[in-house]
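These are my notebook entries on a structure I looked through.

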Protein chains: 4
Amino acid sequence: MIPVAIVGANGYSGEELCAILARHPSVRVVAVTSRQHAGKKAGDVLPRLAGHGEFSELVFSEPGVPALLASGAEFFFLALPHGLASGFAAPLFEAGRRVVDLSADFRLRDAATYREFYGGSHGAEHLLPQAVYGLPELHREEIRKAGLVASAGCYPTSILLPLVPLLRAGLIVADDISVSSASGVSGAGRKAETTLLYGECNESLRAYGLPKHRHLSEIEQELSLAARRPVVISFVPHLAPMTRGIHTTIFTRLEKSVAAESVLPALVSAYAQEPFVRVSQNLPDTKNVSGTNFCDISARYDERTGRLILLSAEDNLVKGAAGQAVQNFNLMAGLEETTGLL
Amino acid sequence: MIPVAIVGANGYSGEELCAILARHPSVRVVAVTSRQHAGKKAGDVLPRLAGHGEFSELVFSEPGVPALLASGAEFFFLALPHGLASGFAAPLFEAGRRVVDLSADFRLRDAATYREFYGGSHGAEHLLPQAVYGLPELHREEIRKAGLVASAGCYPTSILLPLVPLLRAGLIVADDISVSSASGVSGAGRKAETTLLYGECNESLRAYGLPKHRHLSEIEQELSLAARRPVVISFVPHLAPMTRGIHTTIFTRLEKSVAAESVLPALVSAYAQEPFVRVSQNLPDTKNVSGTNFCDISARYDERTGRLILLSAEDNLVKGAAGQAVQNFNLMAGLEETTGLL
Amino acid sequence: MIPVAIVGANGYSGEELCAILARHPSVRVVAVTSRQHAGKKAGDVLPRLAGHGEFSELVFSEPGVPALLASGAEFFFLALPHGLASGFAAPLFEAGRRVVDLSADFRLRDAATYREFYGGSHGAEHLLPQAVYGLPELHREEIRKAGLVASAGCYPTSILLPLVPLLRAGLIVADDISVSSASGVSGAGRKAETTLLYGECNESLRAYGLPKHRHLSEIEQELSLAARRPVVISFVPHLAPMTRGIHTTIFTRLEKSVAAESVLPALVSAYAQEPFVRVSQNLPDTKNVSGTNFCDISARYDERTGRLILLSAEDNLVKGAAGQAVQNFNLMAGLEETTGLL
Amino acid sequence: MIPVAIVGANGYSGEELCAILARHPSVRVVAVTSRQHAGKKAGDVLPRLAGHGEFSELVFSEPGVPALLASGAEFFFLALPHGLASGFAAPLFEAGRRVVDLSADFRLRDAATYREFYGGSHGAEHLLPQAVYGLPELHREEIRKAGLVASAGCYPTSILLPLVPLLRAGLIVADDISVSSASGVSGAGRKAETTLLYGECNESLRAYGLPKHRHLSEIEQELSLAARRPVVISFVPHLAPMTRGIHTTIFTRLEKSVAAESVLPALVSAYAQEPFVRVSQNLPDTKNVSGTNFCDISARYDERTGRLILLSAEDNLVKGAAGQAVQNFNLMAGLEETTGLL
């Protein structure tokens with residue numbers, strides 16, 4: 001049993017992490033932190049996780065590096081807001097512990113891009129070169145060996161998984177990519193903000209954060225790597241009236257002489273060995289991935305306009321956050337990649 | 001008081017029509033039909049409309065042309081499935097009555113396009129030249145005089161209103177238009193189909209009907225008119241977990257030498273006198289138009305990619321169906337255009 | 001046109017009041033206040049009300065008695081939290097203006113009961129005797145003449161309307177009444193609280209505030225009046241995953257020798273002349289009253305246990321708040337009671 | 001690995017069974033049947049279960065007793081409509097196989113009660129004495145040995161678990177019990193009925209099936225057993241706008257001389273050893289049990305009226321159906337009761 005700690009356990013991603021790790025057969029959660037709930041039992045703070053034996057009896061503690069180091073945990077999951085995470089990641093990593101960070105703090109290779117998209121300076125720039133972008137389907141081997149994994153974001157995962165194999169294979173035009181995504185409201189976090197109230201989100205569909213959403217920075221970083229040249233895309237995220245799920249629709253074009261029929265087979269083949277990517281002729285539906293670590297992908301060719309349409313669906317809290325973090329952890333810890341996730 | 005009849009009054013659009021017309025100050029509903037509910041009182045079939053005086057006591061009748069002609073109605077609203085509507089529209093129109101058809105039967109000027117997109121032959125091709133496309137913001141003067149108005153569809157309204165003024169003014173590139181729309185489930189009608197069950201639609205977001213949705217036929221017809229050359233677009237409709245509302249996000253490009261800052265003012269100016277189009281800097285939200293006949297529009301320029309993003313929101317059952325039909329009727333009847341709609 | 005002011009116009013009830021009054025044919029809104037939004041146009045603060053002519057251009061002001069008195073308004077609608085409302089109601093009323101208060105501040109005849117249920121002392125106890133409980137179906141004639149009407153609460157309306165006629169007629173056992181109600185989330189107000197987030201309310205049904213919800217005070221006051229003796233009931237409110245609507249289910253017993261078949265006719269007869277109460281054999285459904293000022297009522301006799309089950313449905317923001325306030329206002333102003341509400 | 005078959009695998013309960021059993025560590029699903037989907041792969045019929053290895057590749061077959069017997073399954077889960085299930089249960093049971101029936105067919109000890117509540121005669125009356133009512137918390141030892149277990153219904157589970165310990169202990173008045181429950185829409189099954197459409201259930205809360213819902217038969221059977229005398233209750237089920245979950249609120253009275261403070265401890269003590277019942281001071285919330293096999297229970301004493309209020313929440317598809325069936329199976333098969341369920 002590997003001892004792990006969850007730092008920031010009462011946001012939506014943190015709670016989902018707890019739900020997965022409390023049942024993970026090779027893990028013992030030894031510490032959970034929350035500034036707000038320090039001193040309370042996990043089963044009281046997160047009532048859906050009451051009755052899960054040892055985990056439910058665990059007492060939330062104040063987040064603090066010395067106490068975390070003393071907890072005996074070998075792996076640390078950070079489910080903190082961006083900007084805050086680096087303050088924990090750096091000392092834990094430098095003390096030789098292994099860190100899976102769910103925030104954006106270490107997802108970018110370039111500190112200037114971080115400043116451009118997130119504002120303010122980065123708390124631990126010097127660690128960026130050592131951090132690995134935590135999307136196992138793209139960087140599995142580096143993740144296995146990494147000490148600091150920046151688990152990929154929710155929108156990025158849903159956009160990168162359909163696009164990267166096609167860019168790598170040179171099948172699509174890298175400078176003609178437009179993306180429309182819709183996310184469930186849990187994606188915005190458990191924040192006491194009026195705009196996230198039930199009465200504001202129910203029967204509401206609205207775009208937000210355009211044209212320069214923060215996630216573009218990591219999306220374009222990884223697309224550029226795949227295309228081996230700079231890629232810039234348009235991205236419009238929307239808030240949809242559901243708790244979980246991200247649906248992504250991508251408009252792009254085939255490179256000249258690429259046959260439309262070759263796209264879906266290329267995706268099938270790229271993901272044939274992947275346990276969590278399901279490529280299919282059927283159009284993805286968020287309800288089919290809800291509560292799972294799967295990303296469903298499909299494609300349609302629009303012969304009237306010559307455009308290729310790619311579609312994906314995932315659970316923003318699982319494959320888009322906590323599930324992905326555990327998938328990364330499984331790789332780092334030398335476990336079967338699917339442990340606790342199927 | 002103008003006597004009107006509603007044919008097909010128990011679908012979602014029909015019910016919304018009843019709701020609007022039951023309160024319309026210049027209208028008396030003299031007949032409502034429904035094959036399924038003939039013989040029952042309107043207030044029993046549509047319980048939310050019980051208690052609305054005379055209307056609630058009206059008895060549903062079997063739909064039949066002779067009885068409809070005998071009802072004394074001068075205007076007929078047809079809220080029937082496509083293919084069925086023309087069987088009523090033709091004899092009523094030819095008997096000198098004025099018809100507002102909410103179906104797709106008379107929206108296309110070209111019968112071949114109808115066959116291509118809807119399959120089967122058209123029941124009343126000879127009337128196509130006399131029908132007017134019922135989007136008042138585009139064809140107000142023709143609608144006033146028309147005997148047969150084909151009220152514009154829900155997706156088309158949300159797509160045409162942002163695009164047409166920009167195409168007319170030559171501001172955007174007509175062959176680079178991709179559209180992602182999401183509709184509430186009422187858009188699929190009150191049909192006993194498993195895929196429309198609450199359990200299948202809640203917490204579900206999914207694309208459907210791509211790449212060649214039927215509504216493309218009328219969308220492209222009107223875009224081509226605006227651009228004065230053939231326009232073909234990509235269109236991906238989605239089903240979102242809400243009862244009402246359509247949100248549309250459009251990716252396009254500015255023509256060379258067009259300034260990004262000129263787009264929103266162009267839209268503001270195009271719709272300055274329109275009572276039901278609200279152009280604003282704020283991003284549209286379906287909940288702000290729910291239950292209203294408004295279409296909200298905004299625009300953002302993505303300078304990183306050079307793309308223009310247009311956004312709109314409407315209530316699919318009001319501006320996308322029943323409200324639009326009444327707006328058309330108000331024009332045809334020489335009433336104030338907003339009567340019963342504000 | 002009667003000049004009116006809306007104090008506290010950006011909560012859910014306040015917004016609904018604005019929506020109704022902006023269209024009310026005999027009213028001109030001359031002032032809207034909101035501490036938070038002072039200085040902004042109504043159409044910007046409440047985007048669903050943009051485009052409604054004069055109203056949308058109205059500028060929100062700071063709430064303050066002198067400015068309100070100077071506004072020229074003859075009637076004041078107070079949509080403020082309880083405790084705050086009395087601070088406005090008292091000086092406005094004492095200056096000879098007429099007040100419709102949507103808060104609980106003046107609903108109780110007895111200041112001690114107010115203190116028991118709401119805590120703290122009442123800001124204007126001396127006015128309690130002059131305030132009228134604003135449920136028109138119970139107190140219509142007093143409301144017409146009143147200077148200060150305490151518009152009835154949402155749960156109370158849904159509970160009193162089915163019970164009062166039966167208690168008045170001595171048909172049911174007053175000391176055997178248990179009530180289970182469920183409300184949409186808008187009933188909790190537009191407050192930035194974590195428990196009201198979409199992610200906390202969606203797919204959630206939960207009881208709260210039992211066993212001594214504040215609304216019991218006014219419910220029991222009015223039930224006791226109807227029964228002509230003290231009535232105490234059990235009441236369990238629930239939060240249901242919907243924006244609007246209250247559904248109430250009441251368990252009670254028939255007095256000896258009362259025939260089960262007499263109950264529904266007694267209700268039908270009690271409400272035969274009421275424009276906003278629909279008694280029917282059909283079970284009420286919140287969606288049928290959503291956006292309307294109706295309260296739907298039905299009854300079933302359970303012969304296996306001898307219990308009578310009463311059911312009702314209303315829109316908590318309309319008949320439960322803003323619609324009721326306007327119904328009260330119509331009576332006070334000598335207008336047709338249904339003006340602006342049908 | 002125990003070979004099992006799922007008969008009727010594409011309703012909501014059947015799908016949930018598949019989801020649980022596909023991951024159950026001691027089970028191999030050897031047959032899944034569906035009249036409608038025979039010939040298709042499980043991963044295609046139930047796309048959320050694609051990618052689950054062997055299970056996803058299983059091909060649906062026509063339901064038929066000979067083929068089921070030939071499948072090698074030792075346990076059969078029947079997720080069929082009532083009336084149909086007995087036609088499978090009887091021959092399978094008589095051939096020596098063990099059966100977990102999720103329908104109502106074998107829940108009643110008395111065939112006359114079956115006829116009264118379900119209409120028509122029972123297909124296999126002679127087996128009623130051998131069937132065990134499948135609520136482990138009440139009948140664990142009999143379930144272990146049973147060949148035919150009638151897994152308890154969703155509403156009954158949520159009502160029996162709070163009441164039975166109190167009736168057994170003589171703490172409450174058995175003839176003063178009124179129950180108000182609300183269920184998510186999946187409780188009505190995956191049936192193509194207009195009343196279950198998204199547009200009819202969203203923003204809708206309504207009672208149905210009163211005053212004599214079929215589930216009363218099994219509820220009263222078990223309450224009477226617990227009270228050792230006939231118990232008749234009032235029960236009002238409601239449909240709430242959510243996919244999953246049942247919330248139950250019960251009004252009853254304490255027996256004379258029973259202290260209000262003794263109720264919660266009595267429940268805590270009754271369920272101290274139960275892995276799936278969580279008794280707490282906190283009010284139950286369906287979202288905390290969604291996707292789990294837990295039933296959460298709490299109690300409040302209303303000293304103003306002397307009534308006791310009991311509350312519970314469960315997932316209708318898990319503890320109310322598929323999870324409970326697997327819990328029963330685990331007992332029958334001699335496995336750890338929680339296997340595959342935590």
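**Entry 1. A salt bridge in chain A.** I looked up A:Glu15 and found that it forms a salt bridge with A:Arg48, with the closest N and O atoms 3.1 Å apart. The model is predicted, and I read the distance accordingly. A:Glu15 sits in helix α1 (residues 12–23) of chain A, and A:Arg48 in the loop between α2 (42–45) and α3 (53–57) of chain A, so the pair ties together parts that are 33 residues apart in sequence. I then checked accessibility. A:Glu15 is buried at a relative accessible area of 8%, and A:Arg48 is buried at 19%; the cut-off for buried is under 20%.

I also asked which residues are linked with A:Glu15 in a network of salt bridges. The network includes A:Glu16, A:Arg48, A:Arg190, A:Arg244 and A:Asp315, and it also takes in C:Glu200, C:Arg206, D:Asp285 and D:Lys287. Over all chains, the structure holds 92 salt bridges.

**Entry 2. Two salt bridges in chain B.** I next turned to B:Arg107, which forms a salt bridge with B:Glu218; the closest N and O atoms are 2.7 Å apart. B:Arg107 lies in the loop between β4 (98–101) and α6 (111–118) of chain B, and B:Glu218 in helix α10 (residues 215–227) of chain B, so this pair ties together parts 111 residues apart in sequence.

The cut-off for a salt bridge is within 4 Å. B:Arg35 is in the loop between β2 (27–33) and α2 (42–45) of chain B, B:Glu62 is in the loop between α3 (53–57) and α4 (65–70) of chain B, and the two are 27 residues apart. B:Arg35 counts as exposed at 56% relative accessibility, while B:Glu62 is partly exposed at 44%.

**Entry 3. Contact of chains A and B.** I examined how chain B meets chain A. The contact takes 48 residues from chain B and 48 residues from chain A. The two chains bury about 3800 Å² between them, of which 55% is on carbon and sulfur atoms. On the chain B side, B:Glu203, B:Leu205 and B:Arg304 lose the most area to chain A, together 20% of what that side buries.

I counted eight salt bridges between chain B and chain A. One that I looked up joins A:Arg307 to B:Asp176, with the closest N and O atoms 3.5 Å apart. There are also 28 residue pairs in polar contact between the two chains. The side of chain B that touches chain A divides into 22 nonpolar, 11 polar and 15 charged residues.

**Entry 4. A sheet in chain B.** I traced an open sheet of seven strands in chain B, in the order β8-β9-β7-β10-β13-β12-β11, with mixed pairing. β8 (206–207) and β11 (277–279) stand at the edges with a single partner strand each, so one side of each is left without a neighbour in the sheet. Strand β12 (residues 295–302) and strand β13 (residues 307–314) of chain B pair in the antiparallel sense over eight bridges. Within this pairing, I noted B:Arg307 in β13(B) as the bridge partner of B:Asp302.

Note on methods:
Residues numbered from 1 in each chain as written. Chains lettered and ligands numbered in written order. Predicted model: local features only at pLDDT ≥ 70, side-chain atom pairs only at ≥ 80, totals over all residues. Heavy atoms only, no water. Contact = heavy atoms within 4.5 Å. Buried area = accessible area lost by both parts, 1.4 Å probe. Salt bridge = Lys/Arg side-chain N within 4 Å of Asp/Glu carboxyl O. Polar contact = N/O pair within 3.5 Å; in protein donor to acceptor, adjacent residues only side chain to side chain. Nonpolar A, V, L, I, M, F, W, Y, C, P; charged D, E, K, R; others polar. Pairing = 2+ DSSP bridges. Helix = DSSP H or I, 4+ residues; strand = E, 2+ residues; numbered from the N terminus. Buried < 20%, exposed > 50% of the residue type's maximum accessible area, 1.4 Å probe, protein only.
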